[in-house]
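Hi there,

Here is the structure I promised to pass on to you. Have a look at it first, and then read my notes below.

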Amino acid sequence: MSKRVVTLAHYYTQPEIQQMADKVGDSLELSLFARESNADIIVFAGVRFMAETAKILNPQAEVILPDAGSTCSLVTQTDVAALQQWRESYPEHVHVSYINSSAAHKAISDWIVTSRNVDDIIAHLYEQGKQVIFSPDRNMGAYLNYQYGYNMPLWSAVCEVHDKFNEAALDEALSASATPAHLIAHPESPLPVLKRAEYVGSTSGMLNWVKAFAGAATDVIFVATEDGILYNMRLARPDLDIRQAPIYAGCQCNSCPYMKMNTIEAVKRAQQGIGTRIDYLSDAEMDAARLPIERMLEFSQ
Ligand code: 13P
Ligand code: SF4
């Protein structure tokens, strides 16, 4: 009997890859889809930590990453042994980790969050009187501390793509616009950029904001995130002037090199079973990493 293959694609992959997928989504949606899937093979057109999360949630499935190099700077900038020491220096704190982390990182976390549920989960923990440490994204943590008045100690890694946005280029673009201009941003962006945004939220959150936009069609909407999502935004609202936020004057070029390693050829090969198999995680590591992820999924459902 032939094997059932399902292809998942993150919103940051190129349009052609999204068109080849059975499901396109943000990291939370894709994790949930992977958990419920009864496919024999899950091709994950995203980055490695996403494919690992799919494997952890659905260990029976064979999970294939099209390109072995599809990592994420939040993962490569985090040395897990150093993180473990940092975590141990806050024995009374709850360790909340962003899903953009390795399986070993997740295994030493109490909760996993995505950009969609991070606000609610951390608010829930503070309501219970807990103290929280947050890793690995320094920008996201700084935004949460600023926005809600928390004092969370932060790990110090950044998304190399979002970290490039800067307030000077944005101010220039916003003030140069002949019609009213709006800024929406992903929380991996630096705090001065987020302070200027009308809306801060996950990839899906920004997409929903655009879909619901009720302003004039002549308004300009600047989007501070990876460029892949602009395809979905323009598809949903072809009537709007949606532009990528500049990272410097004249440049609209914020693209994640790791997401873009998912080429058509690599995804086609993966659909035939050729690619990087996520088969190197031990059962003990997957069990330890699954706990904080399941805690998040239960909270989010
Ligand atoms: P989302 O959780 O919004 O899908 O973001 C994932 C990511 O890698 C953002 O850079
Ligand atoms: Fe990682 Fe940034 Fe790429 Fe997202 S956009 S996968 S956070 S490097």
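**Overall shape**

The chain has 301 residues, and a compact globule of that length would have a radius of gyration near 19 Å; the chain agrees, since its own value is 19 Å. That radius is taken over C-alpha atoms, and the globule rule is 2.2 Å times the number of residues to the power 0.38.

This is a predicted model, so to speak of local features we need pLDDT of at least 70 and for side-chain atom pairs pLDDT 80 or more, while totals for chains, interfaces and linings use all residues. Residues are numbered from 1 along each chain as its sequence is written, and chains are lettered from A and ligands numbered from 1 in the order in which they are written.

Along its principal axes, the C-alpha trace spans about 55 × 50 × 30 Å. The chain holds 14 helices and twelve strands, which are DSSP runs (helices: H or I, at least four residues; strands: E, at least two) numbered from the N terminus.

**Two domains**

Domain 1 covers 5-71 + 259-280 and domain 2 covers 162-244; such bounds come from an automatic or database assignment. Their C-alpha centres are 27 Å apart. Nine residues of domain 1 are in contact with eight of domain 2, where contact means C-beta atoms, placed from the backbone, within 7 Å.

**Around ligand 2**

Which residues come nearest to ligand 2? They are Cys-72, Ser-73, Cys-159, Val-161 and Cys-256, out of 14 around it (C-beta atom, placed from the backbone, within 6 Å).

Enjoy exploring!

Conventions: Two residues are in contact if their C-beta atoms, placed from the backbone, lie within 7 Å.
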